[in-house]
Amino acid sequence: MTTTTTGTRVTKAVGTAHARVEGRDKVTGAARYAGEVPFAGLAYGWMVLSTITRGRVRSMETGAVLEMPGVLTVLHHGNAPRVDIDYVGMLGVPDPTVAVFQHDRVPHAGWPVALVVAETSEQAREAAEALVVHYEEEPHDVTFAGEHPDAYTMPGPGGPAVTGKGDLEAELAASAVVVDAEYSTPEEHHNSMEPHAATALWDGGRLEVVDSNQGTVWVANELANLFSLDPASVRVRSEHVGGGFGSKGLRAHQVAAVMAATVLSRPVRVVMTRRQLFSLAGHRSPTTQRVRLGADAGGRLRALEHSCLSRTSTVYEFIESGAGVARVMYDAPAHHTANRVVRLDVPSPTYMRAPGEAPGSFALESALDELAEKCGIDPIELRVRNEPERGPVSGLPFSTRSLPACFREGARRFGWADRDPRPGLRREGRWLLGTGTAAASFGAGAMPSTAAATAEADGTFTVRISAADIGTGARTALTLVAADALQVPTDRVRVRIGDSDFGPAMIAGGSMGTRSWAWAVTAAAEELRERLALSDGIPPEGITVRSDTTEALGALAQTERHSFGAQFAEVAVDVTTGEVRVRRMLGIFAAGRIVNPLTARGQFTGGMIWGISMALHEEAVRDRNTGALYGADLAGYHVATNADVPLVEADWVDDPDPDDPVGIKGIGEIGIVGAAAAIANAVWHATGVRHRSLPIRPDRVLTAGPHA
């Protein structure tokens, strides 16, 4: 219990289940998404994408299109405004794909070559589909292979390209048990329910963009850099976002909308189609990974090597750091990791829920399962025996590391003690049954953010922060955090987000959003409460306090900060059709203090369901001849649906971060990590056959066959 500034006793809000504060608006349609906000004089842009994979635009027949009803302009490399991409933004140098219509080069299939703008969306689409573009085509290479001759090492967002200590070959030679295996994951896409949409307009010399993104300040600063504008003259708003998963940063459609609004001096909206998202919204690169493990007879690691090769485009470097997860999970006297990348004629990959950790955990946790089998040790016991005391690569202490507690609680609830470790024994009719487990981890960082808290004259409080609620429930979580810091009931707090005018703040990404924002909100609210205790009253304009967490975060001790989890899965494998059915899943997580159990459980289970999709369904395939994807839509790209999702449960152990004012770590991505590995390990337990390539399709199951 806490006491408010007026002496009224209220219950702590953080840690209690709370319905989304904007929930009613969303289910009634009152909440407007980026493509729904009305504007007077609105025009519509429709992007035209290349139909070749590599080459150049020789010419385009715009004359006939400009004569079509409602068409206002056709922007292309010959007439579009110039932009500057020679800068370093919040996440580094920009992907040149955003610099649309600057040259005649085509580096991959689906490259933007023109924007048709018309009075209505229908007119713009018809005209865009009628635009004839002539190309000079060049040979292309989209083939991804594990030993590509042009592969090179590259550092990722989570650390260096290569790490190493100890004599790997000597420790492997001295090991009683060795696992040496290759694993692969396919190209995957994160198509959020709300398509990418942006409306741009100029108002009194100021550029305004209503957008669907994961960080308004981030997008505003990128647009200011691209168009050489004063950052104060750019405002980006993004109040409601229907999913992002790493894809909603700066993309081609926002830049095209700004260009068209500048040329036409009127508002212009550009919305990506579902098929365009497969080319322009980024994706997860395929990976090929090699894991070598050496252990003594008791299962204690002597050698660990994890190498990962991923793919990037020829115009931009992005690496899927699959080997990074090994730098946190397990230690060994000889410990080596490497991330490599190869440039191909494909669209640029990008961040996708648990970038690096999701594919990396599949390989590492599958290899640990293979090691447990060879050692004759229970998979959970093997992992517990190899719990590191410090970061295997960094040498830093862990802020908290409650992974064994996750396994203990998960094993108890899942019924792991009753498991017969021998594969291929349990059967129900034509179904072979098996269970599997895997560990999970994801970094728990925080970035500097600012927030403003205002005490209003009517006794309520308004919090303003440039946060982004991409469906996670962040707006509600911040309401609970602010209410506790102010020591008032939640119904006296209004949280406003999604506006770059509110000042710098962390984006919704890397499982760092809520932690970063809550820190700033807590600091502002606590200072405001202190101010109110000394004031004689609240003036009509209210009392406002602004916080900045830069100094506080800079003073933090250096530690390894991560969320951890234990994933459990039971599967049934049809020996006649090769179908794999997940019957139940359980995830137990140690992810700091849980702010809102209601929405947190949805985040965890959502990630686990995505793990089912990753393990059994998702696979984007490129045609080597055309360089384009087969079935670039949600009919051809399979994802798990309701019929594929069984009983999925998620819970957590107590694990507050002692250095965080609210104890938060982050939960947005940990749910998918290890989920695919747990399912793959369960398939091995059911059939006796190890699947090292995802997805585990029926044809692969039938080809491999059950355990003899």
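**Salt bridges, then an alanine**

I started with Glu570, which forms a salt bridge with Arg426, the closest N and O atoms being 3.2 Å apart. For this I count a side-chain nitrogen of Lys or Arg within 4 Å of a carboxyl oxygen of Asp or Glu. The pair links distant parts of the chain, 144 residues apart: Glu570 is in strand β25 (residues 562–574) and Arg426 in strand β19 (residues 426–428). Helices (H or I, at least four residues) and strands (E, at least two) are DSSP runs, numbered from the N terminus.

A note on the source: this is a predicted model, where local features need pLDDT of at least 70 and side-chain atom pairs count only at pLDDT 80 or more, while totals for chains, interfaces and linings use all residues. Residues are numbered from 1 along each chain as its sequence is written, and side-chain values use heavy atoms, with hydrogens and water left out.

Next I looked up accessibility for that pair. Glu570 counts as buried because its relative accessibility is 8%, whereas Arg426 is partly exposed at 37%. My cut-offs: buried is under 20% relative accessible area, exposed is over 50%, and partly exposed is in between (1.4 Å probe, protein chains only).

Then I took Asp660 and Arg515, whose side chains meet in a salt bridge at 3.0 Å, N to O. This pair also links distant parts of the chain, 145 residues apart, with Asp660 in the loop between β27 and α16 (675–687) and Arg515 in helix α13 (residues 513–534). Buried or exposed? Asp660 is buried, with a relative accessible area of 7%, and Arg515 counts as buried at 2%.

I also checked Asp651, which forms a salt bridge with Arg413, the closest N and O atoms being 2.8 Å apart. Asp651 lies in strand β27 (residues 647–652) and Arg413 in helix α11 (residues 403–414), so the pair ties together parts that are 238 residues apart in sequence. Arg413 comes out partly exposed, at 35% relative accessibility.

Searching the whole structure gave me 55 salt bridges. I noted one network of them, linking Arg206, Glu208, Arg235, Arg237, Asp499 and Asp501.

Last, Ala323. I found Ala323 in the loop between β17 (301–313) and α8 (326–329). Ala323 counts as buried because its relative accessibility is 0%. What is Ala323 in contact with, leaving aside its neighbours within four places in sequence? I get His306, Cys308, Thr337, Ala338 and Asn339, with contact meaning heavy atoms within 4.5 Å. From Ala323 to Arg343 I noted 20 residues in sequence and 19 Å in space, C-alpha to C-alpha.
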